[in-house]
Amino acid sequence: MPSMRQSYTEMRRKGSMSGSVLVSTFVGLLINQAKVRDSCFMNSILQCLSNTHSLRDYCLHNSHRRDLNNNSRTNTALMEEFAKLIQTMWTSSSSEAVSPSEFKTQIQRYAPRFVGYNQQDAQEFLRFLLDGLHNEVNRVTVRPRGTVEDFDHLPDEEKGKKMWSKYLEREDSKIVDLFVGQLKSSLTCSHCGFCSTVFDPFWDLSLPIAKKGYGEVSLMDCMRLFTKEDVLDGDEKPTCYRCKARRRCTKKFTIQKFPKILVLHLKRFSEARRTSKLSTFVNFPMKDLDLREFASENSINAVYNLYAVSNHSGTTMGGHYTAYCRNPNSGEWYTFNDSRVTPMSSSQVRSSDAYVLFYELTSSSRIKAPRASSPLWTVDKLCLECDCNRIGRGYEELTPHRPAWFSRLSLPLHYNTPMSLLASSSLSFFL
Ligand SMILES: [Zn+2]
C-alpha cells in the first residue's frame, strides 16, 4: 500500500497537475483513526458528493447559510457540519487527511441506524444524508396542508408539471434542485385500453442488473429492464378507473423530468438482508449516456457524463468501499480509499465493483445547438457584458414548445454570432 507521502511524490513526478490542484486533491483526504475501515461506506459517499461540482460550490460559497437563516429551524447542525467538512477538504492548505468525526456525530443523531461503525450500505447512507441535508435547507418552512386535487383531466405533460409544482410546495431546496427527478408510471387496462398515470419524485434510480448468458451487461440493458413493461395479473390486478373492475394491466416507467445529477444504484445485493451479491460487470459509459429513449416526452434531451462512482469490493460478509471521482477543476480521475488518494486513469473507472454511479446532465443537453437544417428564430441581444451597448443579432432553433426562449432575450449575451449564419435565418417572427 503506498503511503500518502509516496502518492504525493508519485503525483509530483507525474507532473501532470498544478499546485492548486494538488491542494484540492490532497484536501480531499478523509481519515477516521482506527475505525477507518468500518466507515468506508461514508467516506466513499462523501467523496462522491464532495466532487459534485454544484453541491461543493454551494458549500464553498456559503450559500447554505442563506437557506439555513431563512428558516426558523433549530436543527441545522448536519448541514453546518457537512459544509464545514467540504470547506476543509477544498480549502485547507495542509496535506493532512481530514477527519469527518464531527460530521459523523451529526449524521448519527439524524439517523441513529448509523450509530456504531458497522458496515453499512453506501446507497442507503446517501439517501439518509441527502434527506437530512434537504430538511435543514428546505426553502419551505411551513408545508401547506395536503389537499386532494385531481389533475386526471389534464394531458399527461400538464399533469406532470402540476404534480411537480405540488411537490415543490413542500420540498424545495438546493438538494432537490440537483438530485430530484420525476418518474411517470403508466398503468394501461388490457380490457378497455384506459391509461392512468402517476407521477412520483425520485432521488435515485435502483436498477436491477440485467442477466445474460455471458459475463457482461450494459447499463442500458439495466435501464431497459427497469423500464420494461410489467404485466399485473392475478392477485396483483389493479382496479381500472374506467371499467370500475379489477383488470389485467400493464405498467411501465418513463422519466418525466431528468435531474441535473442522476444517481444510478446498481442492485448488486439481494433485498433479503443482503445475503448475496452479484458481481456482474456492468458496462457503463463515461460520456454521453443518452437516456432519451426512456423519456416520457420525445423532445427532451437527457445526455449525461459520469463524474463519480462508489465501489464495493468483496462479499456481503466483508466488503470495502472506495470512490473514483473526477476532480471538477482538473477533470482528472482519482481513487479515494479512506485516507489515501491516488491518481488513476479514466480507463480504470469501469469495474465490476461499481455500485453507485453519479452522472451530471451535460450542458449541451440543456442548450440545444442549432443545426443548419432547422428553422431559426432571429433574436436581438443586448450586450450587458461590457459598456459597448451594442445590439447584436443571434439565432435560436425554432422550438415553439419551449417557452423558455422568451426569457433568454434578457440574458447578458455578448454579440459574437457570425453574420453568415444570420443570413440563413429567414424567419424573423418577433423582432
Ligand atoms: Zn378498463
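Here are some questions and answers about this predicted model.

User: Before we dig in, what should I know about the numbering and the cut-offs for pLDDT?
Analyst: Residues are numbered from 1 along each chain as its sequence is written, and side-chain values use heavy atoms, with hydrogens and water left out. The model is predicted, so totals for chains, interfaces and linings use all residues, while side-chain atom pairs count only at pLDDT 80 or more and local features need pLDDT of at least 70.

User: How many helices and strands does the chain have?
Analyst: Helices (H or I, at least four residues) and strands (E, at least two) are DSSP runs, numbered from the N terminus. Counted that way, the chain has 13 helices and 18 strands.

User: And what share of the residues counts as buried?
Analyst: Buried means under 20% relative accessible area, exposed over 50%, and partly exposed in between (1.4 Å probe, protein chains only). Of the 431 residues of the chain, the buried share is 45%.

User: Which residues are the protein donors of the zinc ion?
Analyst: Donors are N, O and S atoms within 2.8 Å of the metal (3.2 Å for Na, K and Ca); water is not among the atoms, so sites may look incomplete. Here the SG atoms lie 2.3 Å from the zinc ion, and the donor residues follow the spacing C-x2-C-x47-C-x2-C. They are Cys189, Cys192, Cys240 and Cys243.

User: What is the arrangement of the four donor atoms around the zinc ion?
Analyst: Four donors count as tetrahedral if all angles lie between 85 and 135 degrees; four count as square planar and six as octahedral if opposite donors are over 155 degrees apart and all others between 65 and 115; anything else is irregular. The donor atoms here subtend angles of 105 to 118°, which makes the arrangement tetrahedral.

User: How many residues apart in sequence are the parts that Cys192 and Cys240 tie together?
Analyst: Cys192 sits in the loop between β1 (181-189) and β2 (195-202), and Cys240 is in strand β6 (residues 239-240), so the pair ties together parts 48 residues apart in sequence.
At 28% relative accessibility Cys192 is partly exposed, whereas Cys240 is buried at 4%. The separation asked for is 48 residues.

User: Why is α3 largely enclosed by the rest of the structure?
Analyst: Helix α3 covers residues 40-50. Its buried residues include Cys40, Phe41 and Met42.

User: What do the buried residues of α4 pack against?
Analyst: The residues in question are Leu55, Arg56, Asp57, Tyr58 and Cys59. Contact means heavy atoms within 4.5 Å. Their packing partners are α3, α5, α6, α8 (122-137) and α10 (174-179).

User: Is Asp288 buried or exposed?
Analyst: Asp288 lies in the loop between β10 (281-283) and β11 (289-290). It also has a positive phi, of about 55°, although it is not a glycine. At 51% relative accessibility, Asp288 counts as exposed.
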